[in-house]
Amino acid sequence: MLKVEAGAIVVRPDRAGSASPLCRPFRLPSNRVHADTTAMLLRLLLAAVVFGSATAATAQNAVQGSARQAQPSGATDVGRMIDEAVGMPAMPTAPPANLLPPGNLPPPANTFEAGRPAPAAPPPGLAVEVVPGDASIAAGKAVAPGVSRTLRIALTNHGTVPLARIAVTAQLDGARAEPSGPWRVEGALVRAEVRTLAPGARVLLPLQVRSADPGPAGQATGRVLVDARIQGQPPAGDDFAWTVKDCPGAYRAALEGVRTGALVELRQASEAMRKGNPDLPSGGLSFRPAKPARGAAGMPIRIAAGVASRRGGDPELARDPLLYTAARTILELDQYMKQRAVPTLCTGAAGVVAAYRRAFTPVESRLAAIRDAAAMARSAPAAEGVATTGGATTGGAMTGELRASDLKANDVTAVVSTPGNAGSGPAASAGAGSGPDSGGDLAARARRAAIDAGLLPADAPDAGSALATLAAARAAMRTGTRLDPAAADALSAVEVEAWLAEAEAGAERLSQAFKATLDGVLAAHDANCTCAP
């Protein structure tokens, strides 16, 4: 209760012990300030005392479990009691509804939900951006699973006041973060804190992420969602997504198709060039030309003699170093295509292919020599014709087989006749073959040469191939039979060309298989290794 005693206003409690320590006699200053000012001060002091007592009573009621809102006694009449005590008129209980002139009304309040305040404005000037550290990812390139990439979280203060204690949180989907720098991993989240950011400043927080396996689908999406917030403010955020594609796995699957296709053909073609064809005649060359040839002119018969000795195979490819080179190249290609689909599988394919091309060069050079010899044999003028009166006599030394060991570098029997003798007999009328596919023409020429040499009757059945016809002619020769030089040249020319045609076909098959294998590797790489490097 209030009481004025001799220039002082005294507040005395209704119950003993419930008064605030501030409730002590307070004497009004006399003749020092204006009375209205003194009264206002007293009014404010008394309001504080009364409401302090009311707050204490409310707390006591809450402790006792009262379910109702505690209301201090007489709280609603506090203003009136004070006004009466100090002799002042009552103060208004609320400000006027509007103090602005018409036309300048403020916008309506932004209400969030009934009973809840509207959200605070974003931190002034704070901006967040996720910047890929790899330009290829920014351009839309896919990322292989298991590959680590750097994302830079950029915070910029566009405002005019410093920002402090900025909490940054990143959530990853389809990838996992690697602890580094300012980041700490907390389950599926990573967190960092920027202590201060000056106006106009920009800070980059590098975040290392490793994409997860996309599973059987082979493709998925990785995503990072970032927010940065200051206490009491909503976050400023950004997100970034990228494609996760199993490029190494797809490349490995495509390589398996090359390994079981082109590489198998390469292995078989290489083996055939070494071992020859068991269905072809054995025993080497059957016919020797009449005149020796020296130097480059003897290259076709030298190679043909070796090919005939291996029944269509090449002796150079059957021994080192070419044997080792071909076998090692095929083995390494097989191992390359069988390796696990690790992220680095897609790297360096062009370099691998270039290295194998260089390693295989000696083999390709030998195959090119075989093709050149075959071309020389096809383009050589035809041998001098065989007399129709019979070209075989006995007792000579021109019969027998010509083996590779019989040939010397400077003592080689000629395959071709001299230009002056070209086209002057029946053998010339058969014509020369025009390529490796002229097997029918070779067979006809061989049959004509054997008949003109008197080794086969005119009504002899067709043997089917040049080499089979020549083998039949050789079998018909009696021991000691001597061929006319023109007949020997004609038979030898056809035989050399036939054996080189077999070798040329094998060389072409091997070259094409090698090319198809390497081209298959590059095609598989280009089609599937589309991820960022």
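Analyst: Buried means under 20% relative accessible area, exposed means over 50%, and partly exposed is in between (1.4 Å probe, protein chains only). Heads up: this is a predicted model, where local features need pLDDT of at least 70 and side-chain atom pairs count only at pLDDT 80 or more, while totals for chains, interfaces and linings use all residues. Residues are numbered from 1 along each chain as its sequence is written, and side-chain values use heavy atoms, with hydrogens and water left out.

User: Which cysteine forms a disulfide with Cys247?

Analyst: A disulfide here is a pair of cysteine sulfur atoms within 2.5 Å. In the one with Cys247, the sulfur atoms are 1.9 Å apart. The torsion about the S-S bond is about 85°, so this link is right-handed. The partner is Cys531.

User: How many residues apart in sequence are the parts that Cys247 and Cys531 tie together?

Analyst: Helices (H or I, at least four residues) and strands (E, at least two) are DSSP runs, numbered from the N terminus. Cys247 lies in helix 4 (residues 247-259) and Cys531 in the segment after helix 13, so the parts they tie together are apart in sequence by 284 residues.

User: Is the link of Cys346 and Cys529 right-handed or left-handed?

Analyst: These two cysteines form a disulfide with sulfur atoms 2.0 Å apart, and both Cys346 and Cys529 are buried. The angle about their S-S bond is -75°, and the link is left-handed.

User: What is the pairing of the bonded cysteines?

Analyst: The count comes to 2 disulfides. With the bonded cysteines of the protein numbered in sequence order, the pairing is 1-4, 2-3.

User: Why is the pair of Phe360 and Phe514 called stacked, and what is the angle of the planes?

Analyst: Rings of Phe, Tyr and Trp (its six-membered ring) pair if their centres lie within 6.5 Å; planes under 30 degrees apart count as stacked, over 60 as edge-to-face and the rest as tilted. The ring centres of Phe360 and Phe514 are 3.9 Å apart, and the pair is stacked because the planes are at 15°.

User: Which residue in the turn between strand 11 and strand 12 has a positive phi?

Analyst: Two strands pair if DSSP finds at least two bridges between them. Strand 11 (residues 219-229) and strand 12 (residues 236-245) are antiparallel, with 10 bridges. They form a hairpin with 6 residues between them, and the turn residue with a positive phi, about 90°, is Gly232.
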